[in-house]
Amino acid sequence: PIIEGAALAIDNRTGQIRAMTGGFSFARSKFNRATQAQRQVGSLFKPILYTAAIDRGYTATSMFLDEKVSFPAGPNQPPYEPENYDKKYEGMITLRRALEDSRNIPAVKAMAEIGPAEVIPYARRFGLRGKYDPYLSLALGAGESTLLDMTSAYTVFPNQGVRMEPFAVTTITDRDGNLREENRPQPHEAIRADTAFIMTNLLRGVVLHGTAEAAASLNWPLAGK
């Protein structure tokens, strides 16, 4: 129990929280890591970046050069030189392959071409409320989110571009059976339905033959990052 973690399951269609654990033991730590912990989002941000790219005319077959790259970072600052996690470079690859294999260089190049200031509003539309600064490193997840907000954000893809507000309690009644509170699905238009369809297809590729290939053994229709 030295290492803590969290897990969250949301019904994509309604936003209802089906399962949640915020740590190893409530008695040991009352800090809920699913709803309270702000963590760097890392590569979970790449699908949001590529959503912005698809909306701007990029396609699954758009090409990126995966090679060493250097970006000026401003006066008296060392250049920004991102690397792939495996320290290897694949040359010309498609956007689909870049997402499936979570290549960092193509993501940063896409961010540079689109512009961080154009991508941040997408994060807000996906319901991400953390701090997101307009830097190229945002492509690699240099921003924070709770697990709850990020899981809610991913409901956009299977819901044809609609994000469902997460909720845990359906109804509250008093001892006499009077209804005191009722929560119902709350939809929020986030992105275009056709863009959501394309992104879901790309995220299925992540599971079928990408970084989440191990999940394909579940033999269930899955898409993810």
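I count a contact when heavy atoms lie within 4.5 Å. The model is a predicted one.

**Helix pair.** I asked which residues of α1 meet α3. On the α1 side I list K46, L49, Y50, A52 and A53. They meet N104, P106, A107, A110, M111 and I114 in α3. I sorted the residues of this contact into 9 nonpolar, 1 polar and 1 charged.

Next I looked up the geometry. Helix α1 covers residues 46–55, and helix α3 covers residues 104–114. They pack at an angle of about 45°, and their axes are 10 Å apart. That angle makes α1 oblique to α3. I noted the crossing of α1 past α3 as left-handed.

I turned to strand β1 (residues 7–10) and strand β2 (residues 17–21). They pair in the antiparallel sense, over 4 bridges. Which residue of β2 is the bridge partner of L8? I found M20. The two strands, β1 and β2, form a hairpin with 6 residues between them. In the turn, G15 has a positive phi of about 90°.

**Aromatic rings.** I counted 5 aromatic pairs, taking ring centres within 6.5 Å as the rule. One of them I followed up: F45 with Y132. Their ring centres are 5.8 Å apart and the planes stand at 25°, so I logged the pair as stacked. Where in the chain do F45 and Y132 sit? F45 is in the loop between β3 (39–40) and α1. Y132 is in the loop between α4 (116–125) and β6 (144–145). The pair links distant parts of the chain, 87 residues apart.

Definitions and conventions:
Residues are numbered from 1 along each chain as its sequence is written. This is a predicted model: local features need pLDDT of at least 70, side-chain atom pairs count only at pLDDT 80 or more; totals for chains, interfaces and linings use all residues. Side-chain values use heavy atoms; hydrogens and water are left out. Axes are lines fitted to C-alpha atoms, for helices over the stretch in contact, and angles run from 0 to 180 degrees between N-to-C directions. Angles under 35 degrees count as roughly parallel, over 145 as roughly antiparallel, 65 to 115 as roughly perpendicular and the rest as oblique. A crossing is left-handed if the near helix is turned anticlockwise from the far one by less than a right angle, and right-handed if clockwise. Ala, Val, Leu, Ile, Met, Phe, Trp, Tyr, Cys and Pro count as nonpolar, Asp, Glu, Lys and Arg as charged, and the others, Gly among them, as polar. Two strands pair if DSSP finds at least two bridges between them. Rings of Phe, Tyr and Trp (its six-membered ring) pair if their centres lie within 6.5 Å; planes under 30 degrees apart count as stacked, over 60 as edge-to-face and the rest as tilted.
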